[in-house]
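Please keep the sequence and the model in view while reading.

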Amino acid sequence: MAGIDPIVDPRLRLEVLTAEEVRRIHAATLDVIESVGVRFPSPRALDVWEAHGASVDRQTMVVRAPGTLIEEALRQAPPVYPLAARDPALDLPLDGRHVYAGTDGCGVEVIDLETGEKRRSSLRDVEEIARVCDALEEVAFHWVPVSAQDRPPASRSLHELAAIWRNSTKHVQTESVVTAREARAAVEMARAIAGGADELRRRPVLSIMQCTTSPLAQDGGSLEAALVAAEAGLPVGFMTMASCAFTGPATVAGSLVVGNAEVVSALALMELAAPGAPVYYAAAQTAIDLRNGAYTGGGPEDFLFGAATNALADFYNVPLSMGSFATGAKEPDWQAGIENSLSTFMASAVVSDMLLGVGLLYGSRIWSYEQLLMDCEIYAIVRSMLRGIRVDDESLAMDAIRDAGPGGDYLTQPHTQRHMRELFRPRFLDRRSYGAWETEPDRPRDWARRRAKELLAGHRPEPLDPGLEAELAGIVVAVEVEAERSPESAPA
Amino acid sequence: MTSELFAAMRQSIVEGDADRAEELAARALGEGMDPLAAIDEGYVPGLRHVGDHFAIGEMFLPEMMLAARAMKRAVAVLEPEMARRASRRRVLGRVVLGTVHGDIHEIGKNLVGMMLSASGFEVHDLGVDVPFERFVEKAREVDADIVGVSALLTTTMVGQRSVVEALRDAGLRPRVKVMVGGAPVTRGWAEEIGADGYSEDAVGAVNLARQLVGA
């Protein structure tokens, strides 16, 4: 039976931006949207903007919208809503109290569990990762983690969704739906799972993530897919990856403004097209490596972005999805540990609603089961820290202290029996004696791999009803037939 | 004095000052200097300086880009005079560059284009969302040595294979080399689709291009 044990009501608090600083970033953002503009390369999106009085340049597809329009639109966004799951017991309320971890996408390679070799990802990987994540209490929802590259591009995203629903009862999120045609099919599939269009609005079992195209631009197909999803009541998020000194200014504050302008303008568009649609803020900002221009996915700027972005999402009163397990490491190693720990701590301490990226390496390109299990350990450590320190009569333990007295011990105290299981027990930290380690010098990552194999072999997720499975498959086939006839997605 | 002018040209590249580089190019023409000399003895040493300092970790990508842009602007000023004298700058090779059909990501591709052109390649940038056949047409038209195909999405990456096949069907392979790049692109993918090479960053792309043309 799958379960979820999330971070809830963290007791530590972190203020990385003051209210005044948030207001300045907001003011700068509105200035950018109004005076510089954001590119929306979709006729449909431009129509919506124009109908609401924004200035639209059809040639460059750049929209300049007054701040009041953006602010009014964002006020329509619901502050609280659930991410629903196939199993309603696993629904995730995005209520500003919880921090849920999920996978992230979209990787293109997998470190094979058996051979240890890196290879191209396939649909089978999507299935197997979903099955393992279904068993992990730290993983609250799935992002399509790797690309099903053995399926045709036109229907690939839908194969991936069906694969996860077949193998898990948890919520599913995807960033791979990037055309209106795919989005319509994805909505149809989600309606089948939820039990109808109204039920899907009430309990969205699928949420959609789109990436902006930094700096200050959106992707046309993504916008059209997002509009279809928003109209059907699926939660839609836009993620900025504006990176210091390349796709954003070199300063963290400047890159926050650019990223914010991208996300906020896209969310406003959703609200203009479908008032009241559930939307969320998403970000995985970083600083580039100054030598090669690469997305680094780690370092102090990332950790600050993680905490600062939540201050912005809170200001707009929408949930946040943060790319926190975003390490740039090539294998599960020191770098992966330090990057994912610090980013996850920062993003969790400010109560980011969703954390993305467990299991992926090298800037979300390579899937590793070892990393998945160790990321869950990081999440568990942070969860334990954020519970803080309880101070009351029982936890002050005066009776036990009196009983043990000077020079006594607490091993056999009843108080210890009552509380010792609250202490953190690691699964992937090596606390053996030196001698024991010398005799068997294996590593936590070896244990993680072993555990992943056990879960893969032993975990049996609640199967999807065969009728429903056939229905999903039928929707995918219909899209493939349509794609054969007209390779381009029909206009929304 | 010529040597002073050369030194100033070199400095304009090192500082990435495109306006200054342009202005010095105009002055050189006014003084009747051979444009090729201006490039080879004025600007190129500046570029070399930046490259050397980049290699030892004292200068960074943004400075490299500024230098490349300054170089490009200076050469643009000198080009009409070069054409008039029928002198040609030695070109390392001709590269046709574009982001594949269905994909609009251009920043990485533009970076590669700028660096290639600063390094002495003649670059024909087709932009983004480029149909497969367009790569073929352009490669034929300019007698390209290399076609560079960029893709950022796993779904559009498959188009890189289509470009390789289109070039093959047009009989341009293996003479025209193909290099591929973009976030999801791996060595394995490049090998599988029969591309001649791939790079994960712009500096690597320049090295690869040099290798492919034997420069």
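## Sheets of chain A

In chain A, four strands make up an open sheet of mixed pairing, in the order β9-β8-β20-β19; strands here are DSSP runs (E, at least two residues) and helices are DSSP runs (H or I, at least four residues), numbered from the N terminus, and two strands pair if DSSP finds at least two bridges between them. The edges are taken by β9 (118-120) and β19 (360-361) of chain A, each of which pairs on one side only. The pairing of β19(A) with strand β20 (residues 366-367) of chain A is antiparallel and runs over two bridges, and within β20(A) Ile366(A) is the bridge partner of Leu361(A).

Another open sheet of chain A has three strands in the order β2-β4-β3, with antiparallel pairing. Because β2 (38-39) and β3 (55-57) of chain A stand at the edges with a single partner strand each, one side of each is left without a neighbour in the sheet. β2(A) is joined by two bridges to strand β4 (residues 62-64) of chain A, and these strands run antiparallel; the bridge partner of Val38(A) in β4(A) is Val63(A).

## Basis of the model

The model is predicted, so local features need pLDDT of at least 70 and side-chain atom pairs count only at pLDDT 80 or more, while totals for chains, interfaces and linings use all residues. Residues are numbered from 1 along each chain as its sequence is written, chains are lettered from A and ligands numbered from 1 in the order in which they are written, and side-chain values use heavy atoms, with hydrogens and water left out.

## Domains

Chain A is divided into domain 1 (7-17 + 73-386) and domain 2 (393-422), with bounds that come from an automatic or database domain assignment. The C-alpha centres of these domains of chain A are separated by 43 Å.

For chain B the assignment gives domain 1 (2-84) and domain 2 (93-213), and the C-alpha centres of these domains of chain B lie 27 Å apart. Their contact (heavy atoms within 4.5 Å) takes eight residues from domain 1 of chain B and six residues from domain 2 of chain B. About 690 Å² is buried between them, 90% of it given by carbon and sulfur atoms; buried area is the accessible area (1.4 Å probe) that two parts lose on being put together, summed over both. Across this interface of chain B the rule finds zero salt bridges, a salt bridge being a side-chain nitrogen of Lys or Arg within 4 Å of a carboxyl oxygen of Asp or Glu. On the side of domain 1 of chain B that touches domain 2 of chain B, the elements that give two or more residues are α3 (35-55) and α4 (61-84) of chain B, and α4(B) gives the most, with six residues.

## Interface of chains A and B

Between the chains, 21 residues of chain A are in contact with 24 residues of chain B. The area buried between chain A and chain B is about 1,800 Å², with 59% given by carbon and sulfur atoms, and Arg120(A), Leu290(A) and Arg291(A) supply 32% of the area that chain A buries against chain B, more than any other three residues.

One salt bridge is found across the interface of chain A and chain B, and in a salt bridge the side chains of Glu192(B) and Arg120(A) meet at 2.5 Å, N to O.
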